[in-house]
Amino acid sequence: MLLSTMTSIFTASLGLFSLTLIYICYHAANLTVSPQGCRMSWMSPSYLLQHEFNSSWTPLAHRYSLWLYREVGWDPNQVMGVPVLFIPGNAGSSHQVRSIASSATRQYFSSPFVISSDFTGRGIQPLDFFAVEFNEDLSAFHGPTIESQIEYSAAAVRYILSHYPPNTRIIVMGHSMGGIVGTALLPSDDISALITMSTPHTLPPARFDARVDEIYRRNAGTLVNDSTPVVSICGGATDMMIPSESCILPDPGPERDIYRRTVFTSALEGAWTGVGHREMVWCHQVRWRVARAALELGEAHSDIDIGGIMDTWLSRDGRLFPPVADIDIPEAATYEALPEGMNLVMRKPTGSRTYLLPIPRALETNATFVLLVSRGSISTIAPQHSTKLQTAPFFCVGRATSPTIQQSTESVSCVPLEPSTLKLLPSPIPGKPFPVPDEGSDESEGVVLFEAMVPPIPSGVDNAWIGVHVDAAGEDGWVFGGFDETRTFQSDIGVFDIVAGGAKLSLQPTERSLVRRHITFPRLLSNALVVYALTPESARPTTPCAHSLSLLPPLLVHKSHPAETHYHRLEHKTSVALHTHASAPYIPLSRFSPSYSSELWIYAVSTGCEDVNEFTLIIDWWATIGRIATRYPTTLVSWAVGVVALLMFHAWRESGKGSMPSVSQSLIAFICHLLPKLLAASFVVALLPLSPDYYLGTRGQPFLAFLAPVLLVVATGLVCVSWWLVLLLMWPLRFLTQLLPPKSRRYDELSMPRSTVVSLIFICFLVFVVVPWQIAFMGCWLIHLHTCASSAHRKPYPGSVPSLRSTPIESLPLRERLDGGEDDTKGTGPKEIKSSEEPEIQDACRVRNLATVTDTLNATQTYHENTHLLLLITWLLPLSMPVLAVWVRTLMTAGYTAPFNGDHNVFKVAPFLVLVEFASRRKSALSLHQHGGSYLHWGYLIVACVSFLLGSREAYRVFDVASMYIGCALVVIFSPVRFARRIAT
């Protein structure tokens, strides 16, 4: 009794620890590492059902539908422009098209049916947005559902283009899993470009179906080889539904000249914010740029033109450099030459003038000229709603003898200065968070950054300048120009240095404030699982700084991947979160995804008192736990199956010795003896440089190796919790079973009634034709749960279970007499019992008692075997039930007559059907002490290895291997050879 109590306390403690840790992870996962600043979008939608797109086009017309979006009061009902097909994602709706479609209409028309001046005379047509309605199918969990959507979307493309002139091409947009469907439509001459939003291109969000993996493999080949331009927009850490590292398009390699761009919304010019999964389609800062890019594609005539338009309107890190061409400079222009060493600083500039900044002869060879313009433009780069402030930088040579002179272009000649960087930076509002919640950045906000290497001064030239031509009307805005030396601060801080107690980085002081500073961390782990907290400290956070008017307060730019950039406003003692999606579990490494290295840029145009001179870098453990929690739920389920398989390996090995332990005893034996060894082994395996498809997917990162023991402990605790839940479910069933009359009929161990065979054949027929095999598997679990509950009260011993091998049995004279004497059943007359025969009658009673004990022991052995099998089937349920949810959802939305293809493989569930049938008849179907063949228990070890090594990335293989083992074990145990042996004995 004491041992049983200690066992319960021990397993309950471990289970409670696992549940507590999962609760902590759940709350940590909801922590916002990348804040969202999105304005709500508004529209006046209407949807026109395409009745002509019927079964003559596709047999799926009765299941899905196609709609044409029209903005009420702005769009005519008939098509008139460039077709666009929007494909929703998992549980998505065709109505999600309304935000982008409405923005496209209202950008093209300045008022109803009046074309905007931005498009007048350019030959650009409006957009006709079509959207497919998949009835909120759960496509992420089911490969055949995705295949059906691909087939329907391909037919929709053909139908839509039938309403347009020949050679018309369509633009495809996909949200979430809709992007996977859109990618599967390629290659196609009918599709001009593909824009995906929050689409997990490289890793399925639900890894329970091998057919989903097959679709992903096909798409990976398409993305590497097909020439159709593809852009993927990712929401970053704000997206809680998919890991955004899977949103990054695979790298086609430098040898392939095809257009592939991944843009994180935190790097998207004008947005600069993380965006949630569902918010991606309505976030104003994103939707208007997607709509504008689609509108501009109307004048593209080649893939190169499409790439240029995408880079312009969905820019992530600057634009294509404008062509360098001579500029017509007025002959009597006014030039103002500034003293050497003076920066150009102008607030609310007015008039038109060119300012010359002398190039110092002593300037370093790697010096850079930096020009910053707020709310204005440099070349063609500007905020969407910019002021009339226009600037243009030049490289000038000639003679200038006075600060302000009138000269012709013959004395000062200028050519355009070619930039090395030309992009838009955010300008956070002092005193407000960045980005501002529910508002974000406005289209008029932004600072244009221009950087160019200072050209060498030609020989024979007396003077050289950087000229900045300013044309303004006194509106809000400012201009800053000056020379800046490229200062790079390299830090050797590593992740283990931070774990030891945090790390500090001191920046070298300079004689004058630098416009930009570059900081690199070549040894710092860069992984999606780790979040750092960076705390800046300003040089002089004193009162006068509060009254200083900085043009651009210190702005931190964190760049970890060409597609991902994060912007943070630096304030004294205010921490910012540094995170990345460059490297992550189960994502293949590319040339743009280093496991180590991170770089920071600091831009500032201030009086100097806000300059940052020191950083404190620590690990944000709370955010890190949240990132881990969102990447490993599938791993926990697979590893729990592995733990159960190890429990069964131990139990069946003990059964071969004659004693089948209970589940509680198996748990205690596993926790006390095997688990400590597994913890050490799991840590060692995590240090191996395995492929990202195996185990933890961390490629042997030493800092992340601790995850393996933690996940193993949590998985073990969840198994303990699941066993308590199973006992809780069996408790009411046990009492209900006791109220029913017991079954008196007994069967031979290897026999099967004809009615049972017919029932199994009928069930297999239903699986083959109508219902998915997951339904039959759920039925197996319910039947086996009832079997275990009905046999639970037969257990006679509270502790360990004795067996016939461990119970001493003395010789029986009666058995010897029966073996060698006459048949005492002959004769029907009454016999007088002699005193000499009394011992033989007592021996007969002992035989009957021993038979009773033997039956009880066998029932207990069978009960323990069945409960182990019930625990295994329970943990296999999460690997199969997602498809069941898809089937139920399909019946609810598409009707009860809708076909459900792809899940009628009888062989996946047949082993469990047979197993449950034998178990329900009080038989030990897989007991080794009855059937011999002790080698069979090694199959559980194979199931455990597959669960730990492959289950995290390909969870569906765990169920397949478990089903194959059960089937093979049943074939071996109930093979004809065994029938013959049992008959012979």
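Trainee: Is Trp272 buried or exposed in this predicted model?
Mentor: The model is a predicted one. Trp272 lies in the loop between strand S10 (260-264) and helix H6 (284-296). Buried means under 20% relative accessible area. Trp272 has a relative accessible area of 3%, so the residue is buried.

Trainee: What is the phi of Trp272 near?
Mentor: Most residues other than glycine have a negative phi. Trp272 is a residue other than glycine, yet its phi has a positive value, near 55°.

Trainee: Where is Ala91 found, and is Ala91 buried or partly exposed?
Mentor: Phi of Ala91 is also given as a positive value, near 60°. The residue is found in the loop between strand S3 (82-87) and helix H2 (98-108). Buried requires a relative accessible area under 20%, and exposed requires one over 50%. Ala91 has 34% relative accessibility, so it counts as partly exposed.

Trainee: Which residue is joined to Pro435 by a cis peptide bond?
Mentor: Pro435 lies in the loop between strand S19 (421-425) and strand S20 (447-453). Omega of the cis bond is about -5°, and the residue joined to Pro435 is Phe434.

Trainee: How many disulfides does the structure hold?
Mentor: A disulfide here needs two cysteine sulfur atoms within 2.5 Å. Cys38 and Cys283 form one, with an S to S distance of 2.1 Å. Cys234 and Cys247 form another, their sulfur atoms 2.2 Å apart, and Cys396 is joined to Cys414 at 2.0 Å. The number of disulfides in the structure is 3.

Trainee: How many residues apart are Cys38 and Cys283?
Mentor: The link of Cys38 and Cys283 is left-handed, with -90° about the S-S bond. Cys38 is in the loop between helix H1 (2-29) and strand S1 (45-49), whereas Cys283 is in the loop between S10 and H6. Both Cys38 and Cys283 are buried. The pair links distant parts of the chain, 245 residues apart.

Trainee: Is the disulfide of Cys234 and Cys247 left-handed or right-handed?
Mentor: Cys234 is buried at 0% relative accessibility, and Cys247 is buried with a relative accessible area of 1%. The torsion about their S-S bond is about -90°, so the disulfide is left-handed.

Trainee: Is the link of Cys396 and Cys414 left-handed or right-handed?
Mentor: Cys396 counts as buried at 0% relative accessibility, and Cys414 counts as buried at 11%. About the S-S bond of this pair the angle is 110°, and the link is right-handed.

Trainee: Which residue forms a salt bridge with Arg106?
Mentor: Arg106 counts as partly exposed, at 36% relative accessibility. The N to O distance is 2.9 Å, and the partner of Arg106 is Glu71. The pair links distant parts of the chain, with Arg106 in helix H2 and its partner 35 residues apart from it in strand S2 (residues 65-71), namely Glu71.

Trainee: Which residues does Ser666 touch, leaving out residues up to four places away in sequence?
Mentor: Ser666 lies in helix H12 (residues 663-686) and counts as buried, at 1% relative accessibility. With residues up to four places away left out, Ser666 touches Leu647, His650, Ala651, Pro661 and His868.

How values were computed:
Residues are numbered from 1 along each chain as its sequence is written. This is a predicted model: local features need pLDDT of at least 70, side-chain atom pairs count only at pLDDT 80 or more; totals for chains, interfaces and linings use all residues. Side-chain values use heavy atoms; hydrogens and water are left out. Helices (H or I, at least four residues) and strands (E, at least two) are DSSP runs, numbered from the N terminus. Buried means under 20% relative accessible area, exposed over 50%, partly exposed in between (1.4 Å probe, protein chains only). A salt bridge is a side-chain nitrogen of Lys or Arg within 4 Å of a carboxyl oxygen of Asp or Glu. Contact means heavy atoms within 4.5 Å.
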